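The following paragraphs lead through a predicted model.

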Amino acid sequence: MSSTTSDGLRADEGGAQRRPDGDGARRSVGHLAPALAILRRDLFVTWRELPAFLAQVLLQPVFLLFVFGQVLGSLGFLQEGYAALLFPGIVALTAFLTALQNTALPLVIDFSFSKEIEDRLLAPTPTTAVALEKIVFSSLRALVASAAMFPLGVWILGDIPWRTEALGWVVLFVVLGSLTGAAAGLPLGTLVPPSKINIVFALVLTPLLFTGASQYPWASLDVLRWFQVVTAFNPLTYVSEGLRGSLLPSTPHIPAWVCALALVGFLALFTATGLKGFLRRALD
Amino acid sequence: MPAATMGRVTSTAPAVEVVDLVKRYPKRGSNAVDGVSFAVRRGEVFGLLGPNGAGKTTTVGVLTTRVRATSGRAVVAGADVAADPPAARARLAVVPQRPNLDQSLTARQNLLFHAAYHGVGKGERVRRADDLLERFGLGERADSKVDEVSGGQAQRLMIARALMHDPQVLFLDEPSTGLDPQARLFVWERVRDLRERGTTVLLTTHDMDEAQELCDRVGIVDHGRLLDLDTPAALVARHSDGGTVEVVVTPPEGVDDVAGAVRQALERVDGVRGTDEMPAERPAARVRATVAGDPAALLAPVAEAVASTGAVVTDVRLGRPDLEDVFISLTGRELR
């Protein structure tokens with residue numbers, strides 16, 4: 001933490017005698033330190049509002065899990081084992097959508113109304129670093145939210161699918177899902193004009209929520225071929241399938257490597273378009 | 001230590017240098033900034049004066065790395081803003097026209113995190129924050145959320161925040177727009193403090209009083225062009241037709257047309273171009289003389305001329321030309 005201290009910045013006391021030159025010291029601070037300081041500010045604010053943050057991001061997945069996994073099951077509308085199929089999908093959904101919303105919404109507000117982002121854009125670091133910090137921060141929030149879904153799942157469903165030997169894959173897909181969702185929020189938050197953000201959010205979020213193979217295994221859509229094709233374009237499908245395949249290997253699923261590859265592809269695509277959109281908004 | 005001297009800015013190098021700067025927006029017919037060149041000396045308070053939309057804010061946008069120039073060159077404290085924006089950002093600070101404080105943080109936290117973004121060490125940033133909160137009269141507001149502070153306090157807090165990383169050049173965009181007179185005077189005082197401390201200040205304003213009061217030199221900007229640049233006094237001397245001397249006189253006993261007599265006497269004074277009679281309460285008369293150059297210099301001859309008529313001067317008012325006159329002379333329009 002103390003590594004950001006730089007002697008060059010302390011050099012002048014009176015003001016009349018300018019610092020010999022802060023540059024050497026400032027360069028050594030590097031471009032990463034400002035971005036990390038910005039991340040620290042975001043984590044500081046999140047930590048202070050932790051209960052509100054968790055309520056905000058967990059309410060939707062918890063209700064989905066409760067109604068579709070518990071209530072409908074108790075009423076006898078569901079086949080045996082559906083709750084286990086649902087759980088990995090809900091974790092995926094939590095990771096992906098939490099990250100997406102946590103990038104997109106604050107960006108719209110920042111650029112259009114509060115202008116808070118201006119002080120960050122003037123930090124001595126490349127503008128793209130400020131954008132990448134947004135992705136990292138939203139991903140961290142999404143990771144916390146999806147991790148919280150495991151104890152909540154046990155509490156709601158009584159039992160969740162778990163294979164300790166698949167832990168590495170689970171972590172990989174939660175991280176990739178969070179990063180991809182966060183990156184997807186970047187073009188959404190920067191390319192959409194503020195006056196249209198409400199409508200765009202409604203038009204984007206609901207389809208993403210239901211075409212992401214969260215509530216059904218992708219392979220079972222054989223019987224509904226057109227819908228299966230549609231879902232293949234939703235990055236969330238690969239997070240759901242990757243997690244489901246890791247936790248329930250006996251359920252037919254898209255191979256893990258295909259899921260990982262698809263997510264890396266989406267991540268690259270969203271990051272590239274998102275950075276472009278961010279630079280367009282940040283620089284005139 | 002070659003590393004320490006590399007990129008070092010010698011004291012004779014300008015703090016800000018702008019060469020043939022052009023900013024064209026695709027959808028606009030004319031250039032927002034149209035070939036502007038100027039240099040700001042170290043430690044100087046420099047003003048860009050012009051109406052809204054003249055290109056001042058765009059120019060500052062380029063200098064503060066937020067607007068990409070179409071062509072031309074801009075250097076701040078030795079850093080080329082286009083080639084190395086992070087280096088320029090490390091050496092400059094901006095106080096924007098509209099509040100952009102971090103709403104999730106308190107006043108003190110706004111200062112501390114800003115300094116952290118700029119790599120100021122922990123002990124140092126706490127010390128600076130305390131010092132600046134005190135200097136800017138925000139001590140009692142230190143732990144308030146920023147949405148609880150008044151407009152004037154927010155403006156002061158933004159200036160304090162800008163100073164947290166000890167910038168070499170401070171940009172103030174319309175620093176007193178929207179402030180009440182008291183808050184405005186406070187901001188002006190702080191800018192004078194900064195000059196004494198040797199910080200270079202570049203401010204934009206459409207307020208001629210502000211330019212005249214604060215700036216060592218002023219650049220007059222209109223339609224994206226820099227029309228002239230000099231000290232306020234030199235600009236006024238160059239572009240205005242002098243001023244006015246207005247006298248109120250009481251006539252001696254038995255004189256009917258004191259105004260006519262005084263006008264005749266004044267028109268014989270060297271430097272007086274003409275006279276007018278202004279409305280006044282009888283039996284007093286009010287006469288205004290238009291003069292070349294500084295009206296104060298003609299005070300004695302004018303008093304003498306009035307005395308020669310036997311009338312007694314009861315009031316004198318000098319009309320000095322100001323930057324408003326300069327602007328009208330340069331553009332044919334009023335500033336406001």
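**The enclosed space**

The largest cavity is lined by Asp119(A), Leu122(A), Leu92(B), Ala93(B), Val94(B), His114(B), His118(B), Arg161(B), Ala162(B) and His165(B). With 3 residues, S6(B) gives the most. By class, the lining of the largest cavity holds 5 nonpolar, 3 polar and 2 charged residues, where Ala, Val, Leu, Ile, Met, Phe, Trp, Tyr, Cys and Pro count as nonpolar, Asp, Glu, Lys and Arg as charged, and the others, Gly among them, as polar.

The largest cavity contains about 60 Å³ of space, and the count of cavities of 30 Å³ or more comes to 1. Cavities and pockets are found on a 1 Å grid over the protein atoms alone: a cavity is a set of points where a 1.4 Å probe fits but cannot get out, a pocket is an open set with protein on both sides within 12 Å along at least five of seven lines, and lining residues have an atom within 4 Å of a point. Grid points are joined across faces, edges and corners, and a volume is the space filled by probe spheres set on the points.

The model is predicted: local features need pLDDT of at least 70, side-chain atom pairs count only at pLDDT 80 or more, and totals for chains, interfaces and linings use all residues. Residues are numbered from 1 along each chain as its sequence is written, chains are lettered from A and ligands numbered from 1 in the order in which they are written, and side-chain values use heavy atoms, with hydrogens and water left out.

The largest pocket has about 810 Å³ of space. It is lined by 37 residues, of which Gln56(A), Asn102(A), Pro106(A), Phe137(A) and Arg141(A) are the closest to its centre. Elements that each supply at least two lining residues include helix H2 (32-48), helix H3 (50-74) and helix H6 (127-157) of chain A, and also helix H4 (107-117) of chain B. H4(A) gives the most, with 11 residues. The lining of the largest pocket divides into 14 nonpolar, 12 polar and 11 charged residues.

In the second largest pocket there is about 680 Å³ of space. Among its 27 lining residues, Lys115(A), Glu118(A), Thr57(B), Arg66(B) and Pro96(B) are the closest to the centre. H4, H5 and H11 of chain A and helix H2 (56-63) of chain B give two or more residues each to this lining. The largest share, 4 residues, comes from H2(B).

Chain A has 11 helices and 0 strands. Of its 284 residues, 55% count as buried (under 20% relative accessible area; exposed is over 50%, partly exposed in between, with a 1.4 Å probe and protein chains only).

Over all chains there are 10 aromatic pairs: rings of Phe, Tyr and Trp (its six-membered ring) pair if their centres lie within 6.5 Å, and planes under 30 degrees apart count as stacked, over 60 as edge-to-face and the rest as tilted. One of them, Phe111(A) with Phe278(A), is edge-to-face, at 5.4 Å centre to centre and 65 degrees between the planes. This pair links distant parts of the chain, helix H4 (residues 82-114) and helix H11 (residues 256-282) of chain A, across 167 residues. Both Phe111(A) and Phe278(A) are buried.

Phe266(A) and Phe270(A) are stacked, 5.8 Å centre to centre with 20 degrees between the planes. These two are separated by about one helical turn, because they are 4 residues apart in helix H11 of chain A.

**Two positive phi values**

Most residues other than glycine have a negative phi. Ala213(A) has a positive phi of about 55 degrees and lies in the loop between helix H8 (197-210) and helix H9 (225-231) of chain A. His223(B), with phi near 50 degrees, is found in the loop between strand S9 (217-222) and strand S10 (225-230) of chain B. Ala213(A) is buried at 0% relative accessibility, whereas His223(B) is exposed at 58%.
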